[in-house]
Amino acid sequence: MQGNETRRIAGTGGFLLVKALEQLGAGRVFCVPGESYLPVLDALHDAAIPVTVCRQEGGAAMMAEAWGKLTGRPGICMVTRGPGATNAAAGLHVAQQDSSPMILFVGQIETGMRGRDAFQEVDYRQMFGGIAKWVAEIEDPARIPEMLSRAYHVATSGRPGPVVLALPEDTLARTAEVVELPPFRPVETHPSLAQMAELQKRLWAARRPLAILGGSRWNDAARAAFARFAERFRLPVACSFRRQMLFDNLHPNYAGDVGIGINPALAERVREADLLLLVGGRMSEMPSQSYELLDIPAPRQTLVHVHAGAEELGRVYLPDLAIHATPIGFCAALEGLQPPNEISWSGSADEAHKSYLGWSGARPKVPGALQMAQVMDWLEENLPEDAVLTNGAGNYATWVHRFHRFRRNNTQLAPTSGSMGYGLPAAVAAGLHSPGRRVVCFAGDGCLQMTMQEFGTAVQDGSAIIVVVVDNGMYGTIRMHQEREFPGRVSATSLVNPDFAALARAYGAHAETVLTADEFGPAFERAAASGGPALLHLKLDPEAITPARSLSQIRAG
């Protein structure tokens, strides 16, 4: 379409919805089928949009969320009403906490049956109102283009997040004539010239500045622009919790990640900074160390907060300079900033990077035959820089976050929400999005079993992922806290696990059991050579609860 030229199309609501998704540029649909939205499934039969059939709605929603992280455009998930929607809530919550664009389409009862507690009836506005950015029902098929256009803009604008659209059966069956939609273009917000001038003045007056990058709405260009800015200003740069990919971890200005198990020296650097430049992130509970690094509401540090969502500026911390802009818009404006003739903090970035290398370079020996530090060393030496690493929640993730060097954008898929079960669905989505890249899912034994069934999705769709299962026979993080708070009183944290390698082989995939670090490298190479989904089952000693302490040490206090 050009200018005022419009084209009209006619069809059922199901057909019009799928056409609107095609016009807006949807890259893939993740779904669990249901009779409540059969007209949509029928329309997808002839559509250009690939469809991934998942095993459970929670996994489907997590795949859609991961797709949103990777692309910056809404990941599309479709589920049936009632139980399907409740299952999908797990992925919806990840999208909300992680600021990821996502649209969840939910089948719904006929509009004439409302209020009777009909079969699988749910009020989705009430159910998802506290999680989603917008929840609505499409009652008229003629409004489908309007509602989908709004959904795309709401999901991606400001602080991105999930949108839920319910699809009554009669809406999908009725016909209408509508106007075609133009392709979707995200809306970027930019800082003013006055704000950038004030930022430069504040930087020139600083003595101990530090930047912390986080959130979403980044791309390669923004990432590169911020790196050039940091180089000009010799600025130490940290990344927020599970956003380590936003800055090259081997760049001489990289100071480390502000997350769980933070380098004590970096935590002190945050406390002692006289200017904090927070770009894209919120400094929520995990990066702020339970809201203790920055005073609330007025931080001791001069705070410059850059965020795409106006509602996040001043929500917790009162900024000295609030800039309502996306990271993409803000980083483009950084090109005009110049450092002072003499940088008073010269050498600070080198010190911070040296501290990071020392902290992450330590290779602790843990109890048992399998040494995870050696496993990580092999991966660091052999994985390509563009490899995507995914994980869910659990102590096992510490090995990835502390010891892997993220070098490029879109190489980390991990839930800031701390959702178990996320790693496998996220890996499936990454493998489908970027089939030429190596995708490695790290999962604990408890974490994996939350969504293990999605390994079948990987096999069916040919997502050539490698799942590394770190099995210690327990819900390790909870056991760690349990032993600290109630030593010796184990309750509800032990697991009797299957032979994960045998289970993966039952799906038709390559799988092996790994008992020592020396076995890992050759097993990984065989897994990669298999050309399809693969799984490596690592048996870790239960005592090896964290890289720093054993379970016995935690129990002893």
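User: In what order do the six strands of the open sheet come?
Analyst: The order is β16-β15-β17-β18-β20-β19, with parallel pairing. Strands here are DSSP E runs of at least two residues and helices are H or I runs of at least four, numbered from the N terminus; two strands pair if DSSP finds at least two bridges between them. Keep in mind that this is a predicted model: local features need pLDDT of at least 70, side-chain atom pairs count only at pLDDT 80 or more, and totals for chains, interfaces and linings use all residues. Residues are numbered from 1 along each chain as its sequence is written, and side-chain values use heavy atoms, leaving out hydrogens and water.

User: Which strands stand at the edges?
Analyst: β16 (412-413) and β19 (510-514). Each has a single partner strand, so one side of each is left without a neighbour in the sheet.

User: And how many bridges join β15 to β17?
Analyst: Four, between residues 388-391 and 439-444. Val388 has Val439 as its bridge partner in β17.

User: OK, switching to Arg159. Buried or exposed?
Analyst: Arg159 is buried, at 8% relative accessible area (buried is under 20%, exposed over 50%, partly exposed in between, with a 1.4 Å probe and protein chains only).

User: Where is Arg159 in the chain?
Analyst: In the loop between α6 (144-156) and β7 (162-168).

User: What does its side chain reach at 2.9 Å?
Analyst: The side chain of Arg159 reaches the backbone oxygen of Gln96.

Methods: Polar contact = N/O pair within 3.5 Å; in protein donor to acceptor, adjacent residues only side chain to side chain.
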